[in-house]
Amino acid sequence: MNWTGEIAIFSGNAHKRLAQAVSESLRVSIGAVEVFQFSNENIFVRYLENIRHRDVFIIQPHARPVNDSIMELLIMIDAAKRASAGRVTAVIPYYAYGRTDKKDQPRVPITARLLADLITTAGADRVLTMDLHAGQIQGFFNIPVDELTALPLLSKYLLSGRDDRQDYVVVAPDEGTVKRARNLAYELDAPLAIIEKRRVGNDEKVEARNVIGEVSGKNAILVDDEIDTGGSMVAAIEVLRSHGIADVSSMVTHPVLSGNALDRLSQAGLKELVVTDTLPVDNSATNGIKLRTVSVASLLAEAISRIHSGESIGDLFS
Ligand code: R5P
């Protein structure tokens, strides 16, 4: 162990509200650091307190503007290492570029891997993240990665106080989400259905062709890691309707919610959307959708505390 000091929590500009909530839950004040852009858009970072030998956690999801958030994180890690921090953990509740995780067309990058290399090269000793698009992204790092899941929190929230559980079917909006949906279905003792989804080209267009499983007359719970343009969700709702679904609710960890996503979902008739605060959410214009946000702050705080004291993270979910 080469850190002797206490936990030190810092935040870039990506999601200060979440960082504040984590620090309150940990009862550790958030550290003083300045992170800003010069007029030429170059980012500058300076820690305003001594962090020598401390166990530093930098909370910085890849929120909009995504590439600025990433660059801030890299520079904050570099500055912390050069300031002789004992250990630096990059806390990245939402990891961007997760969908670019394989070479599935000729002459394309694996950006999720490139990003892992950048974070490691900057000097991070560990990564703490949540519901990666694909678990295999953990393997892009040669440093320890702890991946938390928000699904237990989300399902607890979505189902609290409801007594119509026997009518549920858990639906995976594509093959990539089957494992998550299956775990939830198992937990709820509910059946599972899978949507056959196809992406058309690289322009974010989605087609849902078929439903595998019995859904007629049931209430669907759609589960996904992220909701971006809303295209996957809308396509899923449409195909579920054509198969006689009664009602649809969705639970999604990362509310990317680009452009008019909420509008599209509202027009598609989505009743309820439960998300977390891994990314900042604007609750002011929900276009009639019951949008609920469950905070992951205390889960992150508990994980940080366990990493600091060398306790198991796995036990958090058992
Ligand atoms: C894709 O495979 C993911 O699991 C999500 O379904 C996807 O990122 C959602 O994107 P969008 O909302 O743009 O369809």
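Helices here are DSSP runs of H or I with at least four residues, numbered from the N terminus. The model is a predicted one. Just after helix H2, Ser84 takes a positive phi of about 65°.

**Helix H2**

Helix H2 covers residues 66-82, and its 17 residues should span 24 Å at 1.5 Å a residue; the end C-alpha atoms are 25 Å apart, which agrees with that expectation. The buried residues of H2 are Ser69, Ile70, Glu72, Leu73, Leu74, Met76, Ile77, Ala79 and Ala80.

Pro65 lies in the loop between S4 and H2. A cis peptide bond joins Arg64 and Pro65, with omega at about -10°.

**The ligand and its shell**

The ligand is surrounded by 14 residues, and the closest are Asp224, Asp225, Thr229, Gly230 and Ser232. By class, the shell has 8 charged, 5 polar and 1 nonpolar residues. Strand S9 (192-200), strand S11 (219-227) and helix H6 (231-242) each supply at least two residues of this shell. The largest share, 4 residues, comes from S11.

| Residue | Protein atom | Distance to a ligand oxygen |
|---|---|---|
| Ser232 | side-chain N or O | 2.5 Å |
| Asp228 | polar backbone atom | 2.8 Å |
| Lys197 | side-chain N or O | 3.4 Å |

The protein covers 95% of the 380 Å² of accessible area that the ligand has on its own.

**Ser232**

Ser232 is placed in helix H6. Is Ser232 buried or exposed? Its relative accessibility is 12%, so Ser232 counts as buried, the cut-off for buried being under 20%. The side chain of Ser232 makes a polar contact of 2.8 Å with the side chain of Lys197. Leaving aside residues up to four places away in sequence, Ser232 touches Lys197, Arg199 and Val206.

**Other positive phi angles**

Arg27 has a positive phi of about 55°, although it is not a glycine. Arg27 lies in the loop between helix H1 (16-26) and S2. With a relative accessible area of 79%, Arg27 is exposed, since exposed requires over 50%.

Asp131 is not a glycine either, and has a positive phi of about 35°. Asp131 sits in the loop between strand S6 (126-130) and strand S7 (145-148). Which side of the cut-offs does Asp131 fall on, buried or exposed? Asp131 is buried, because its relative accessible area is 4% and the limit for buried is under 20%.

Definitions and conventions:
Residues are numbered from 1 along each chain as its sequence is written. This is a predicted model: local features need pLDDT of at least 70, side-chain atom pairs count only at pLDDT 80 or more; totals for chains, interfaces and linings use all residues. Side-chain values use heavy atoms; hydrogens and water are left out. A residue is near a molecule or strand if one of its heavy atoms lies within 4 Å of it. A polar contact is a pair of N or O atoms within 3.5 Å; within protein, one must be able to donate a hydrogen and the other to accept it, and residues adjacent in sequence count only if both atoms are side-chain atoms. Accessible areas come from the Shrake-Rupley method with a 1.4 Å probe; for residues, only the protein chains shown count as cover. Ala, Val, Leu, Ile, Met, Phe, Trp, Tyr, Cys and Pro count as nonpolar, Asp, Glu, Lys and Arg as charged, and the others, Gly among them, as polar. The expected span of a helix is 1.5 Å times one less than its number of residues. Buried means under 20% relative accessible area, exposed over 50%, partly exposed in between (1.4 Å probe, protein chains only). Contact means heavy atoms within 4.5 Å.
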